[in-house]
Amino acid sequence: MCQVGEDYAEPASEEPPPRQPGREQKCVKCKEGLPVVVIRAGDAFCRDCFKAFYIHKFRAVLGKNRLIFPGEKVLLAWSGGPSSSSMVWQVLEGLSRESAKRLRFVPGIVCIDEGAACGLSPEARAKALAEMKLILQTVGFPWHVVALEEVFDLPPSVLRCFAQEPVGTEGAYKAAVDSFLQQQHVLGAEGAGDSPSLAQGEEQLSWPCTQDPQNPQSPDRPPTAAQTEALSRLFDSVKTLTAKEELLQALRTHLILHVARTHGYSKVMTGDSCTRLAIKLMTSLALGRGAFLAWDTGFSDERHGDVVVVRPMREHTLKEVAFYNHLFAVPSVFTPALDTKAPEKASIHRLMEAFMLRLQDQFPSTVSTVYRTSEKLVKAPRDGCAAGPPGPRCLLCMCALDIDTAGLCLPSPGCSEEGTGEWVLGFSSPLVPSAPLYLQTVPRLLGLRLPCICPRRSPPPHRPLHPAVLQGWGGCRAAVGGPGPARGAALLSQGGPPSPRHRAAVLRLPCEHEGLALPGPPAALHLGRGPAPQPEVPTPTLLREPWGALGRSACGATSHPAASPGPASSSRSRSTWLRTVMMRRRLARAEPEDECPGPETPRVPGLGPLPR
Amino acid sequence: MAAPLSVEVEFGGGAELLFDGVKKHQVTLPGQEEPWDIRNLLVWIKKNLLKERPELFIQGDSVRPGILVLINDADWELLGELDYQLQDQDSILFISTLHGSRIGAGSTW
């Protein structure tokens, strides 16, 4: 359906009314005014209704999410572009409304001068800066202009996630708002003029719009030539435009984070529009950041801990923003960016933008569909435990590292001891937190074809296969095997020569002749399941051994002296069960024999007694 | 035979970069047999005003996706898009919403 470039003749010739609303139509909202803009697919709004719609969307996004508490200091990230300019203008208008409906936070503006990264001449930078300062003075909020070169002076703290304050619950937000309103009342309805309420005793009578609020480390002095040169070298060393854009974004984020932390802002508002976020979502997927879409494109981004990034413009499309800015004279400053005039395939970002916009042209619901999809993304931590200990984080973007912390793909120490260093399925750490996770994961593992990882190895030492460990293997109770190797072999032979997977299912051990490092059950499995191992079995040793050692446990013909036969009375029921399991598995997954060599009848190690 | 038209063509949002940085152009379209519409205007702009990189502004016979067109401060979708017949003293505004205008699609703001 959505094939860019494909010629859809019918829609163009038919000109369906939703796509081509005529001027003779009336505004869909008030049914009276002459429409000036078409929003979405066919909704024509007149000027006033459009303005109301636009403002309402902005307020609704803030109100719906309830993250910004009254009196909170919020830093507005302004680039000069249309979306962020519109956002600043909305905040300005919102703060000046009548007291019941006006916005209640304390804004500041940060603006980053990125001329060095974009290769602008000093004159061009100065000119752009002058224009920006003019607008900043008009707006009147405390503003901070920071040159991108200041990234070289950033402290390491920007690369750390500080402890996050607990997010207020619904009740907490409402209580904060109520107390704020009461405070306003008590303060004597001072007209609620234009200045917002005091926050923690801060003076906000009239925002000084000069150097005072600026970064104290660089009071309005331009960056040195050396710093500019260093920044240019940094960006020149990056070969692709995609990487440059990502680098610029990372540096920008760090700089703004630093400004926010330095000046006590707990929230940062960015002007990402719906269109931009839809493009960003697709670009992030292409760049391998699919795991972090919820943070990159959601309304709030709490990865930095103490400073939360919110995106109040995320429901406004670029078209609405551009129309609003034009119709209502919102000032903005255009400065060339890193990829101004870049061809379409210059970077992944450009390509994705062209793709999305072209698709949007043909199918006007594209951006909104992508946006709605992004709304469904949930920031679920990997282990399902939101309050769990934070895992390792990326140094640059502060997102949790996208590694499989269940250890499913980590090298086993045992394996590495043998010098293979290859990946072996299994569990690396005995300190696995969640036994149920394994019990869900392991049966799936058993269903997988296990790689022949350690093809040839010296005969592993004869170690017993710990029955408790075997029993702990979710869904596979092969530990109920017979006591002696002969019986075990008999059981297996009844099931025919099993594939390594089956062998794993039964034994989870390679035969010594195979040398196959099938995954041994993690030592910790049994921690979560099954009773403690029997004393006669050398449990502690096995548990402390790397699991690879378990994996190496022999299906040797000779049983370990430590392995003692289990109680004879229960062995028959166990053997029946085992036989059934084997046959069922074999029937369920009819797979060819694994290429790993192995004896026809793998030998069963001496199985310890079945722990009850 | 269409009479010569005098229209104002304006560029914003970064599109002016392709036109030597000049935002407003007061142009006089010469008389021709066919009436002037946006389609013809684009061809004319490409031939006479566009200084560089035509592919960044025009795609096929229409503008590149991402460039908004306002005719007398109204969305051109309401007026027939490419088929709108130009009148004298019309004002046509092209606003670029493309990334290259300011911030990257990959950026946070």
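Predicted model: local features only at pLDDT ≥ 70, side-chain atom pairs only at ≥ 80, totals over all residues.
Between chain A and chain B there are two salt bridges.

Which parts of chain A supply the side that touches chain B? Strand 1 (35-39), helix 8 (241-262), helix 9 (274-286), helix 11 (318-327) and helix 12 (348-362) each give at least two residues to it. Sorted by class, that side of chain A has 20 nonpolar, twelve polar and 19 charged residues.

Now the extent of the interface. In contact terms, 51 residues of chain A meet 37 residues of chain B. The size of an interface is often given as the accessible area lost when the parts come together. Here the area buried between chain A and chain B is about 3900 Å², and carbon and sulfur atoms give 56% of it. Within chain A, the residues that lose the most area to chain B are A:His326, A:Phe334 and A:Lys341, which together make up 17% of what that side buries.

B:Arg53 is in contact with A:Lys341, A:Ala342, A:Pro343 and B:Leu18, leaving aside its neighbours within four places in sequence. Where is B:Arg53 in chain B? Its place is the loop between helix 1 (38-48) and strand 3 (58-59). The side chain of B:Arg53 also makes a polar contact with the side chain of B:Glu55, at 3.0 Å. B:Arg53 and B:Phe19 are 34 residues apart along the chain, and their C-alpha atoms are separated by 9.8 Å. Is B:Arg53 buried, partly exposed or exposed? Its relative accessibility is 24%, so B:Arg53 counts as partly exposed.

Next, chain A as a whole. Chain A has 22 helices and eight strands. Of its 612 residues, 51% are buried. If you take the contacts in chain A with a separation of 6 or more, 77% of them are between residues 24 or more positions apart. The accessible surface of chain A comes to about 27400 Å², and 58% of that belongs to carbon and sulfur atoms.

Why does A:Ser284 count as buried? Because its relative accessible area is 5%, and the cut-off for buried is under 20%. Not counting residues up to four places away in sequence, A:Ser284 touches A:Arg289, A:Gly290, A:Leu293 and A:Asp296.

Last, two backbone angles. Most residues other than glycine have a negative phi. A:Arg66 has a positive value, with phi near 55 degrees. A:Arg66 lies in the loop between helix 2 (47-65) and strand 3 (73-77) of chain A, and at 30% relative accessibility it is partly exposed. In chain B, the phi of B:Asp73 is also positive, near 65 degrees. B:Asp73 sits in the loop between strand 5 (67-71) and strand 6 (74-75) of chain B. With a relative accessible area of 36%, B:Asp73 is partly exposed.

That is the end of the talk.

Note on methods. Residues numbered from 1 in each chain as written. Chains lettered and ligands numbered in written order. Heavy atoms only, no water. Contact = heavy atoms within 4.5 Å. Buried area = accessible area lost by both parts, 1.4 Å probe. Salt bridge = Lys/Arg side-chain N within 4 Å of Asp/Glu carboxyl O. Helix = DSSP H or I, 4+ residues; strand = E, 2+ residues; numbered from the N terminus. Nonpolar A, V, L, I, M, F, W, Y, C, P; charged D, E, K, R; others polar. Buried < 20%, exposed > 50% of the residue type's maximum accessible area, 1.4 Å probe, protein only. Areas by Shrake-Rupley, 256 points an atom, 1.4 Å probe, with all protein chains shown as cover. Polar contact = N/O pair within 3.5 Å; in protein donor to acceptor, adjacent residues only side chain to side chain.
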